[in-house]
Structure formats: structure tokens, C-alpha cells
Amino acid sequence: RMLKRRTDCRSDILRLNSPLLAIYESLIPPVEEKAKQKQLLALLEKLVCKEWPEARLYLYGSCENSFGVSKSDIDICLAFNEDIHDKSEILLKLADILQSDNLQNVQALTRARVPIVKLMDPVTGISCDICINNVLAVVNTRLLRDYAKIDVRLRQLAFIVKHWAKSRGVNATYQGTLSSYAYVLMCIHFLQQRRPAILPCLQGMETTFSVTVDDVECAYFDKVENLCNFGSSNQETIAQLVWAFFNYWAYIHDYANSVISVRTGSLISKGEKDWTRRIGNDRHLICIEDPFVVSHDLGRVVDKFSIKVLREEFERAADVMQYDPNPWITLFEPY
Ligand code: 3AT
Ligand code: MG
């Protein structure tokens, strides 16, 4: 593989800012949509509370981490104070309750990797997935949301990257490409690496928030309102960052040896994590460390075929950002 390391950005890069920002703006969910989500959550809380008075419902995923585009499905976690050994039983009961309250397309998927109940609310038109006791996802949602509060360029970059990934068909873990969660971590890591840095490493700072979930200690600095000037000495614009992001993943990242780590705010070596060879189905062809479950590589879904697809898409995007007269159109062309 020829590495075409490119250091010079196209000379008209600033011209791409307003069209890219317009796409970002168009993807932001309107306030009415947020209100409808809260309305559905309140309805579900009422129903759940009747059956399990001590259980709590939490929004997580993109509706709560601030990286959700308009018309996304919402993710909800039903949390109990104790461990639940038979999630199927609870999910079937929950499906029953929801069905009797006229919610639609109610389905309990008890054998999925993350077992859930799916439903559609005919009043708000919102679809949602409810899982049980997935509290780590609630906590990683909070970390992502806190990063987003520090510098608006993270949300802009992640919206563009997610929109690109969905348009180009590389946002499907069941096909060996990456989850939205993985793409957002790639964006955070990338902004931590800019010089001057645009984002800090919250887990490397004084702990102001800490919980232990499933024996994993999740701790970081969450007083992010004190950090709203953090990235101000870096004046890079969204077009420059989108260009550099794709250039990084196309031509600079060392896939053979490096792991990206938001937890440490740096690259770490595959050797250090013992991620140098395939173990079972984990091939570690692109390595993205989960910030809390550090043994978890979010790239583990990627196989020898899909890594090729993914890298060709990064190269295509980098080349579009470098040469195309209208990258804000070509970047998102359906594959
Ligand atoms: P979409 O806008 O729905 O594409 P999302 O952020 O909601 O993006 P997902 O629906 O894929 O992403 O996942 C929902 C949340 O579940 C996001 C994250 O908090 C958690 N999550 C997803 N995948 C993982 C994973 N592999 N490890 C830990 N948490 C995960
Ligand atoms: Mg989601």
C-alpha cells in the first residue's frame, strides 16, 4: 500500500466551510423533536413504574449524547438496582405492558447480543429500543455529551462524519464496519491530537465524577463549563478539520501498530494491549479503545474484507476533500 502522505491542504479550503456548516445545521434535531422524545419518555416511565416501582429509565445513545441527527431512533435503558439474570422474562413482560397501551410494532428481541424491546409510538412517531441494565452505555453517553460541550467543532465534525458514514454504507457493525459510537470516539481522539489541542483528555484530569458499573470504575473531570475556552488557541475551521480527519484515517494512521485511546488522549501501541494477533473473532485491524472498558476494542467487528472497504472509503473521502470542486455534495453521494 502506497502511503500518499499529504501535508498541503487545498488552497480554497475556506470556501468549503459554509456549505459544510449548512449540512451540519440541517441535521440538528428541531426543538419540537426533543420535546416529543421527553413526552415519550414520560409515558414509558409511567407504564414501567406501575410494574416495577423502583426501576428507572435513562435515555442514552445519540438522543442524549448530543450527536443525534434529526429523526433518529431513541435508545432507552431500563435500570434495576439489582442484577437481572433472566432479562428475557423482564423483556417479555415489558413488551406485554407496552402492547396493552397501544404502542405499536412492539417486539421483544430476547436473543440479540444486546436484548431489547423495540416499539413505535404512534402519537409522536418516534421509534425506540429499550434495553435492561446497560448502565455502562448510560455513562459513556454522559462522557460523550460532556466532550461535546467543550468545543462546538466536535459536534460539527461528528455530524459530518456520521452523515458521511451512513451515506456511504460504512456505519453497520453487522457488516463489519463501525458503530456511530466508534466514529464519535475517533472524532474526539482526533481533536485531542490537534496542535494546539482542541479537546482535553477528561480522564487524565482531576476526578470530579466517578461511578463503578459492573466492576468498572468510570471516572473523569466533568466540570466542563470551566473548559469552554480550551480550544480557542486553535483556529482551525470545520472544513480544515474534516479534510485533516479523512487525511489522517486515509494516509497517516498506523493501522499495524497503533490503538487510538480517548482515555489517555494519545495513541498507544497494540503490543501494550496485546492486540497484535487475532483472538477468536477479534482481529484488531483498526483499534479503538473503549474509554471505560479498556479491554474492549470497538474495531473488533472489522474483518479482512470490511477493513478494505473502510480504508477505501477514507481514501475516497480524503481525495474528495482535496480535489473535488463540490465536496459537500460528493462526500455524501450514496454508494
Ligand atoms: P445513531 O445516531 O443511533 O447512529 P448512537 O450514538 O445512538 O448513534 P448506537 O445506536 O450504535 O449509537 O448505540 C447507542 C449507544 O450505545 C451509544 C453508546 O452509548 C452505546 N454503545 C454502542 N456501541 C457500544 C459498544 N460497542 N460498547 C459500549 N457502548 C456502546
Ligand atoms: Mg442510536
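Predicted model: local features only at pLDDT ≥ 70, side-chain atom pairs only at ≥ 80, totals over all residues.
Visitor: What makes a residue part of the shell around ligand 1, and which come nearest?

Guide: A residue is near a molecule or strand if its C-beta atom, placed from the backbone, lies within 6 Å of it. There are 16 residues around ligand 1, and those that come nearest are Gly61, Ser62, Ala137, Ser180 and Tyr181.

Visitor: Which helices each supply at least two residues of this shell?

Guide: Helix H3 (62–65), helix H5 (135–150) and H7 do. H5 gives the largest share, 3 residues. Helices here are DSSP runs (H or I, at least four residues), strands are runs of E of at least two, and both are numbered from the N terminus.

Visitor: How many residues of the shell are nonpolar, polar and charged?

Guide: The shell has 5 nonpolar, 9 polar and 2 charged residues. Ala, Val, Leu, Ile, Met, Phe, Trp, Tyr, Cys and Pro count as nonpolar, Asp, Glu, Lys and Arg as charged, and the others, Gly among them, as polar.

Visitor: How many residues does each domain bring to the contact between domain 1 and domain 2?

Guide: The centres of the two domains, taken over C-alpha atoms, are 28 Å apart. Domain 1 brings 13 residues to the contact and domain 2 brings 7. Contact requires C-beta atoms, placed from the backbone, within 7 Å. On the domain 1 side, helix H6 (152–167) and helix H7 (180–193) each supply at least two residues, and H6 has the largest share with 5. That side divides into 8 nonpolar, 2 polar and 3 charged residues.

Visitor: What makes a set of residues a nonpolar core, and how many residues are in the largest one?

Guide: The set consists of buried Ala, Val, Leu, Ile, Met, Phe, Trp, Tyr and Cys residues joined through C-beta atoms within 7 Å. The largest core holds 91 residues, of which Leu157, Cys187, Val242 and Phe246 touch the most other members. Domain 1 and domain 2 each give this core at least three residues. Leaving aside residues up to four places away in sequence, cysteine 187 touches Leu154, Leu157, Ala158 and Val161.

Visitor: How do you know whether lysine 71 is buried or exposed?

Guide: Lysine 71 has 11 other C-beta atoms within 10 Å, so it is exposed. Lysine 71 lies in the loop between H3 and S2 and has a positive phi of about 70° although it is not a glycine.

Visitor: Why is leucine 227 called partly exposed?

Guide: Leucine 227 has 18 C-beta neighbours inside 10 Å, so it counts as partly exposed. Leucine 227 is in the loop between strand S7 (216–220) and helix H8 (238–252). Residues up to four places away aside, leucine 227 touches Ile150 and Pro200.

Visitor: What makes cysteine 228 buried or exposed?

Guide: Its 12 other C-beta atoms within 10 Å make cysteine 228 exposed. Cysteine 228 is also found in the loop between S7 and H8.

Visitor: Where is the cis peptide bond, and what is its omega?

Guide: The cis bond joins arginine 195 and proline 196, with omega about -5°. Proline 196 lies in the loop between H7 and strand S6 (209–213).

Definitions and conventions:
Residues numbered from 1 in each chain as written. Chains lettered and ligands numbered in written order. Domains from an automatic or database assignment. Contact = placed C-beta atoms within 7 Å. Buried ≥ 20, exposed ≤ 12 C-beta atoms within 10 Å, placed from the backbone.
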